[in-house]
Amino acid sequence: MNSVSVNCTRAAPFPAKHLSSAGARSVAGQRNGPSEGWTSFDYRRRVRRSGRFRVSNAATGTRRSLASSSDGEIGFGKLSKSSAAMEQLDFERGVCVPFRKYTPETVRNKVLESNGAVASLISRGVEIVWTLGLYWSTLMYDCFVGRDQEVVPKRARQLRNLLCDLGPSFIKAGQVLANRPDIIREDYMNELCILQDDVPPFPNQVAFDIIEEELGQPLEAIFSKISPQTIAAASLGQVYRATLRDTGEDVAIKVQRPEIEPIIYRDLFLFRNLASFLNGISLQKLGCNAELIVDEFGEKLLEELDYTLEARNIEDFLENFKDDPTVKIPDVYKQLSGPRVLVMEWIDGVRCTNPQAIRAAGIDVNGFLTVGVSAALRQLLEFGLFHGDPHPGNVFAMRDGRIGYVDFGNVAVLSQQNKQILIDAVVHAVNEDYVEMANDFTRLGFLAPGTDVSPIVPALEAIWQNSLGKGLSDFNFRSVTGKFNELVYNYPIRIPERFSLVIRSLLTQEGICFTLQPDFKFLEVAYPYVAKRLLTDPNPALRERLIQVLFKDGVFQWKRLENLIVLAKENVSMMSNNPALQAKEMSASSNDQFCLFFCLKVVKA
């Protein structure tokens with residue numbers, strides 16, 4: 001299958017346009033009608049905001065890639081420590097970014113050019129330092145009196161509340177920390193996970209004003225109905241359900257929080273300056289400067305802040321899954337969207353937060369979970385573009401057996417090189433080559449180049465052996481992650497941002513599986529998929545990894561080949577039971593059969 005290339009990510013937004021009935025994009029399937037309790041637009045506003053769509057300069061301006069020249073310049077600016085940090089991130093990812101929304105220089109210039117910048121920075125800086133300083137002094141006092149362990153739950157709650165009080169930038173930082181065992185302890189991570197959902201909405205009238213300002217038209221001219229309450233609220237925006245006046249189609253409207261962009265830029269500027277004071281600790285604990293952590297965070301945050309980029313993410317997912325009848329991706333209405341408003345097709349499914357409703361809808365839970373695991377693995381290992389936040393509120397069970405995804409603001413990209421290294425790590429795990437597994441960590445950016453991996457090898461071996469000690473059926477990612485968290489907390493290991501999303505994605509989807517079916521065996525579905533990929537994918541790199549799996553110490557392992565074939569057949573069998581595939585034959589294609597035959601011929605030769 002042709003998939004969207006991820007070796008060069010794009011961030012150039014599309015121009016927002018006025019609504020025209022001729023240009024409205026249709027979506028698959030018509031709705032039976034709106035739900036009760038919606039608000040009809042039978043009122044008139046005394047004050048109208050008219051005008052054209054506005055696209056921010058940050059979104060439309062040409063961004064220069066980080067391409068070094070012979071005289072030490074990057075773009076039009078001199079090579080600096082901050083630019084070097086961004087180059088390090090690009091090198092680790094193996095992905096070029098021709099249009100970059102975030103650089104430390106861009107943030108600095110945008111903040112300092114605003115009116116009253118100095119006063120605002122001083123006031124906010126004092127607030128941050130004072131608030132965090134008081135909290136830090138409390139922790140130090142706990143250690144001094146010897147009660148630091150017994151008050152951990154209380155201090156973790158205080159940290160969560162403190163981050164909420166400091167605003168959206170800190171809420172997003174807390175959400176990131178909830179998946180960074182290399183930075184904070186696991187008990188604090190568990191408390192910060194609450195930040196994923198517990199965010200209060202802002203007033204409807206403010207949201208409606210933003211929609212009108214972005215679309216340049218009154219709401220009632222575009223939508224016939226809109227929900228009186230938010231469907232979901234997050235740190236950067238909130239979602240409403242509405243009906244298009246021209247077509248009668250139900251849509252989801254995502255609206256950004258008011259005046260959030262200057263707040264985010266100001267806080268990022270302060271984050272990076274404060275991070276310079278933590279470089280000594282960061283180098284000792286993570287093997288990198290603290291500014292690098294802030295740059296990872298800032299780059300992802302500014303991408304989430306521009307809804308034109310989220311619309312582009314949706315289009316990429318639509319392209320990747322266009323031939324997969326088991327996955328539902330919502331259509332996006334680009335002519336109704338801009339940097340602060342995103343209009344998408346309404347997904348009429350059952351949220352995975354409601355297991356009872358899924359069963360009541362007659363959905364085959366086991367078949368649905370099998371589809372979900374396969375879709376997740378395709379994103380990770382095949383496309384290299386995966387949903388970074390598949391929590392139960394963002395995943396739907398469709399009544400025909402498909403899995404539906406929403407909220408594509410937080411996606412992550414894995415280069416071809418990263419995917420190959422991940423497969424190498426799996427091969428090394430199968431072959432119990434823990435030294436090479438540790439080296440894979442260095443190649444993926446977990447360890448600084450030149451780090452001595454010898455102290456880490458025994459820890460990796462212990463984690464893997466203990467996880468498989470009870471057999472494949474008892475293996476789960478959460479138990480492995482718990483042990484891995486201890487490893488990264490005690491060694492100078494940094495989890496690159498994209499891999500923290502991988503870990504969170506796998507953990508979240510495994511959690512959904514356990515919620516819907518407590519005895520579900522994640523690897524019993526994942527292994528057959530991987531086996532089928534190894535046996536049927538014509539990619540030369542995968543063929544090389546297959547040979548590595550099938551040979552051990554120069555001796556061909558017939559049992560491993562037999563197991564792979566059995567597992568591959570299981571994958572086909574499990575997938576064929578899903579109702580969404582009944583209209584499509586799921587037996588192996590002629591290409592798959594040829595690849596399998598070719599593989600066997602090579603092995604036997």
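The sulfur of Cys513 lies 8.9 Å from the closest cysteine sulfur, that of Cys352, which is too far for a bond. A disulfide is taken here as a pair of cysteine sulfur atoms within 2.5 Å, and the structure holds zero of them. The model is predicted: local features need pLDDT of at least 70, side-chain atom pairs count only at pLDDT 80 or more, and totals for chains, interfaces and linings use all residues. Residues are numbered from 1 along each chain as its sequence is written, and side-chain values use heavy atoms, with hydrogens and water left out.

Cys513 counts as buried, at 4% relative accessibility. Buried means under 20% relative accessible area, exposed means over 50%, and partly exposed is in between (1.4 Å probe, protein chains only). Cys193 is partly exposed, with a relative accessible area of 34%.

Helices (H or I, at least four residues) and strands (E, at least two) are DSSP runs numbered from the N terminus. Helix H20 covers residues 497-516. From first to last C-alpha, H20 reaches 29 Å, close to the 28 Å expected for its 20 residues; the expected span is 1.5 Å times one less than the number of residues. Of the 20 residues of H20, 16 are buried.

The whole structure has four cavities of 30 Å³ or more. A cavity is a set of points, on a 1 Å grid over the protein atoms alone, where a 1.4 Å probe fits but cannot get out; lining residues have an atom within 4 Å of a point. Points are joined across faces, edges and corners, and a volume is the space filled by probe spheres set on them.

The second largest cavity holds about 100 Å³ of space. Among its lining residues are Cys352, Gln509, Ile512 and Cys513. H20, helix H15 (365-383) and strand S13 (403-405) each supply at least two lining residues, and H15 gives the most, with four. The lining divides into 10 nonpolar residues, two polar and no charged. In this scheme Ala, Val, Leu, Ile, Met, Phe, Trp, Tyr, Cys and Pro are nonpolar, Asp, Glu, Lys and Arg are charged, and the others, Gly among them, are polar.

**Aromatic pairs**

Rings of Phe, Tyr and Trp (its six-membered ring) pair if their centres lie within 6.5 Å; planes under 30 degrees apart are stacked, over 60 edge-to-face, and the rest tilted. A search of the whole structure finds seven such pairs. Phe321 and Phe383 form an edge-to-face pair, because their ring centres are 5.1 Å apart and their planes stand at 85 degrees. This pair links distant parts of the chain, 62 residues apart: Phe321 is in the loop between helix H13 (307-320) and strand S8 (327-328), and Phe383 is in H15. Both are buried, Phe321 with a relative accessible area of 4% and Phe383 at 1%. Phe170, Phe271 and Phe297 form one aromatic cluster.

**Loop residues**

Ile495 sits in the loop between helix H19 (477-490) and H20, and is buried at 0% relative accessibility. Its C-alpha is 7.0 Å from that of Arg180, 315 residues apart along the chain.

Notes: 1 Å grid on protein atoms, 1.4 Å probe; cavity = no way out; pocket = protein on both sides within 12 Å on 5 of 7 lines; lining within 4 Å.
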